[in-house]
Amino acid sequence: MEHPTWLSDTRSDLDAGADYLAFNDDGEIRVVVLEEGWTRLGRSLAAHVRFDDPTVSRRHALLHRDEGSVRILDDRSLNGVFLNGERVDWHELDDGDEIVIGRFHLYFISLTGESLDGAPEGVGSAVG
């Protein structure tokens, strides 16, 4: 899977010890820090990460972050949630995963398990 060129630059600017979602929103790179518990993604005004686009359902997906893991769940969306090219109902996320919601490509960045050389465990320097 090939990542966009902006992702490695964005990743290098982030603080270690946290999990993030990063995406390009019409030319603007947005980064969201994932807090413990639930994060709602969708078109609704109540969503934590809001996409004002008809390809995104009002209640499209949920992210759940707890001790050491982050999972994505499809919240009965019309167009589905795709993880690394495959439609999923729910799945645990790994660093570098690509999530597609409507026309948006989001990237999960986990800097909670840094290895000694500074690269995330299991990823090496392949991101970018």
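User: Hello! Why is Glu36 called partly exposed?

Analyst: Welcome! This is a predicted model, and in it Glu36 has a relative accessible area of 49%. Buried means under 20% and exposed means over 50%, with partly exposed in between. The value of 49% falls between those limits, so Glu36 counts as partly exposed.

User: What makes Arg65 buried?

Analyst: The relative accessible area of Arg65 is 13%. That is under the 20% limit, so Arg65 is buried.

User: How do you know that Arg65 forms a salt bridge with Glu36?

Analyst: The closest N and O atoms of Arg65 and Glu36 are 2.7 Å apart. The cut-off is within 4 Å, so the pair qualifies. This pair links distant parts of the chain, with Arg65 in strand β5 and Glu36 in the loop between β2 and β3, 29 residues apart.

User: Why do Asp75 and Arg59 count as a salt bridge?

Analyst: Their side chains meet at 3.2 Å, N to O, and the limit is within 4 Å, so the label holds. Asp75 lies in the loop between β6 and β7, and Arg59 in the loop between β4 and β5, so the pair ties together parts that are 16 residues apart in sequence.

User: Which of the two, Asp75 or Arg59, is buried and which is exposed?

Analyst: Asp75 has a relative accessible area of 11%, so under the 20% limit it is buried. Arg59 has 51%, which is over 50%, so Arg59 is exposed. Elsewhere, salt bridges that share partners join Asp19, Glu36 and Arg65 into one network.

User: How many salt bridges does the structure hold?

Analyst: There are 9. Among them is the one in which the side chains of Asp95 and Arg11 meet, at 2.9 Å, N to O. Asp95 sits in the loop between β9 and β10 and Arg11 in helix α1, so this pair ties together parts that are 84 residues apart in sequence. Both Asp95 and Arg11 are buried.

User: What makes β2 and β8 edge strands?

Analyst: Let's start with their sheet. It is an open one of 6 strands in the order β2-β1-β11-β10-β7-β8, with antiparallel pairing. β2 and β8 each have a single partner strand, so one side of each is left without a neighbour in the sheet. From one strand to the next, the twist averages 30°.

User: How do you know that β7 and β8 pair?

Analyst: Two strands need at least two bridges to pair, and β7 and β8 have 3, so they pass, in the antiparallel sense. Phe82 stands opposite Arg87 in β8. β7 is also joined to β10 by 3 bridges, again antiparallel, and there Val81 stands opposite Ile101.

User: Which strands make up the open sheet with mixed pairing?

Analyst: That sheet has 5 strands, ordered β4-β3-β5-β6-β9. β4 and β9 are its edge strands, each pairing on one side only. Within this sheet, 5 bridges join β3 to β5, which run antiparallel. At one of the facing positions, the bridge partner of Arg40 is Leu62 in β5.

Key
Residues are numbered from 1 along each chain as its sequence is written. This is a predicted model: local features need pLDDT of at least 70, side-chain atom pairs count only at pLDDT 80 or more; totals for chains, interfaces and linings use all residues. Side-chain values use heavy atoms; hydrogens and water are left out. Helices (H or I, at least four residues) and strands (E, at least two) are DSSP runs, numbered from the N terminus. Axes are lines fitted to C-alpha atoms, for helices over the stretch in contact, and angles run from 0 to 180 degrees between N-to-C directions. Buried means under 20% relative accessible area, exposed over 50%, partly exposed in between (1.4 Å probe, protein chains only).
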